[in-house]
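Thanks for making time this morning.

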Amino acid sequence: MNDETGSEIWVFGDYRNYFQNRVTLQLLAKARDLSRKISARVCAVVFGCGIDEYVAEYAAHGADKIYVVDHPGLERYQIDAYVALMERLCRERSPEIVLVGGTGFGREFAPRVAKRLKTGLTSDCIELYIDDEGILVQTAPAFGGNLMAVIVTRDRRPQMATVRPGMFQELPHDYEARAQIVRIDPPADPPPERLRVIRSDRRPQTDRKLEDARIVICGGRGMGSKAGFRKLFELAQLMGAEVGATRPVVYSGWANHDALVGQAGKQIKPMVLFSFGVSGAIQHTAALTGAGFVIAVNKNPDAVMMKMADVAVVADAKQVCSAMIKELRKRIRP
Ligand SMILES: Cc1cc2nc3c(=O)[nH]c(=O)nc-3n(C[C@H](O)[C@H](O)[C@H](O)COP(=O)(O)OP(=O)(O)OC[C@H]3O[C@@H](n4cnc5c(N)ncnc54)[C@H](O)[C@@H]3O)c2cc1C
């Protein structure tokens with residue numbers, strides 16, 4: 001129990017794949033829900049360097065309090081340093097529950113923290129609730145998903161879980177929300193690095209299908225050339241999006257037939273659709289009826305695609321694409 005503030009539920013801020021992966025925001029929403037039953041405060045914990053925008057994002061998505069360790073030595077994720085720091089914070093502040101996204105990062109980080117704290121961890125949870133005794137009940141698939149294991153950590157603290165992305169709905173962004181920010185000094189003597197990261201590159205996403213993608217970037221003849229169109233792949237990689245194309249693009253060999261969106265191609269239903277240099281012929285737009293929020297970029301404000309968009313940007317598509325790539329490169333951490 002934390003003497004200063006009462007019971008706390010912590011959510012570890014994993015922002016490294018922020019645009020693709022909203023699991024931290026989903027966990028903050030779940031933590032809010034859990035906190036009602038045990039009158040706990042919802043806290044985000046975030047490590048890194050120059051991370052104020054994530055701090056603001058967590059405040060807007062349900063955190064009452066945010067522990068921030070902002071230091072150049074934490075710019076890149078280093079497993080030993082991150083684990084030691086989390087262990088220290090948990091020992092000093094005794095959170096009741098610690099939730100971590102079940103990402104590649106979380107699967108590496110959370111078990112090490114749990115081991116050091118000699119507490120239980122349920123990996124890959126798909127449901128969480130608090131029972132009548134105030135204990136966190138964690139449900140996770142077991143034996144290859146053939147049965148659901150219901151797990152509790154009765155005696156040890158914190159109760160720890162990693163949770164699969166997409167299990168819970170994030171709260172809507174609240175611009176008025178304010179959180180208490182607690183800035184923590186970095187460790188004076190960080191553990192020696194057993195592993196040194198020399199460089200890191202983003203892995204291209206090749207295994208997701210256009211039809212199932214949450215974000216799609218569709219490009220048309222307005223991208224001007226094959227080289228211009230290829231910029232959309234770069235943008236898509238940064239956003240975790242899939243690329244779709246109109247028929248002239250496919251016929252010109254700028255994209256494969258797999259990318260064709262429309263009557264002769266695929267039906268898509270992304271939450272967000274970016275449409276670059278697409279006129280909006282019916283054979284194309286017929287496949288967009290399931291799209292959520294649509295942002296179109298076209299130099300012609302009267303193009304049909306611009307009329308059906310939620311946001312219509314009158315501009316050169318290649319320039320907008322390049323500007324977005326530049327901006328995202330600045331904001332996304334390796
Ligand atoms: C039987 C049949 C089936 C078809 N099936 C499909 C299908 O499945 N999918 C499909 O997509 N099409 C299909 N078509 C083709 C369809 O009718 C359209 O011709 C096609 O969708 C137009 O593609 P587009 O928007 O890329 O090109 P265009 O119609 O040439 O439009 C290009 C757009 O880019 C804009 N632009 C130009 N330069 C710039 C710039 N620098 N910056 C910003 N904007 C710029 C222009 O203002 C214009 O709006 C089919 C047609 C037929 C007859």
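**The parallel sheet**

In strand 15, V311 is the bridge partner of I295. Before going further, this is a predicted model, in which local features need pLDDT of at least 70 and side-chain atom pairs count only at pLDDT 80 or more, while totals for chains, interfaces and linings use all residues. Residues are numbered from 1 along each chain as its sequence is written.

Strand 14 and strand 15 pair in the parallel sense over four bridges, where pairing requires that DSSP finds at least two bridges between two strands, and strands (E, at least two residues) and helices (H or I, at least four) are DSSP runs, numbered from the N terminus. Helix 9, residues 317-331, packs on the sheet and touches strand 13, strand 14 and strand 15, contact being C-beta atoms, placed from the backbone, within 7 Å. The direction of helix 9 makes about 120 degrees with that of strand 14; angles run from 0 to 180 degrees between N-to-C directions, with axes as lines fitted to C-alpha atoms, for helices over the stretch in contact.

The sheet itself is open, with five strands in the order 12-11-13-14-15 and parallel pairing. Strand 12 (242-245) and strand 15 (311-314) stand at the edges, each with a single partner strand, so one side of each has no neighbour in the sheet. On average, neighbouring strands of this sheet are turned by 20 degrees against each other, direction ignored. Helix 5, residues 226-239, also packs on the sheet, where it touches strand 11, strand 12 and strand 13.

Conventions: Two residues are in contact if their C-beta atoms, placed from the backbone, lie within 7 Å.
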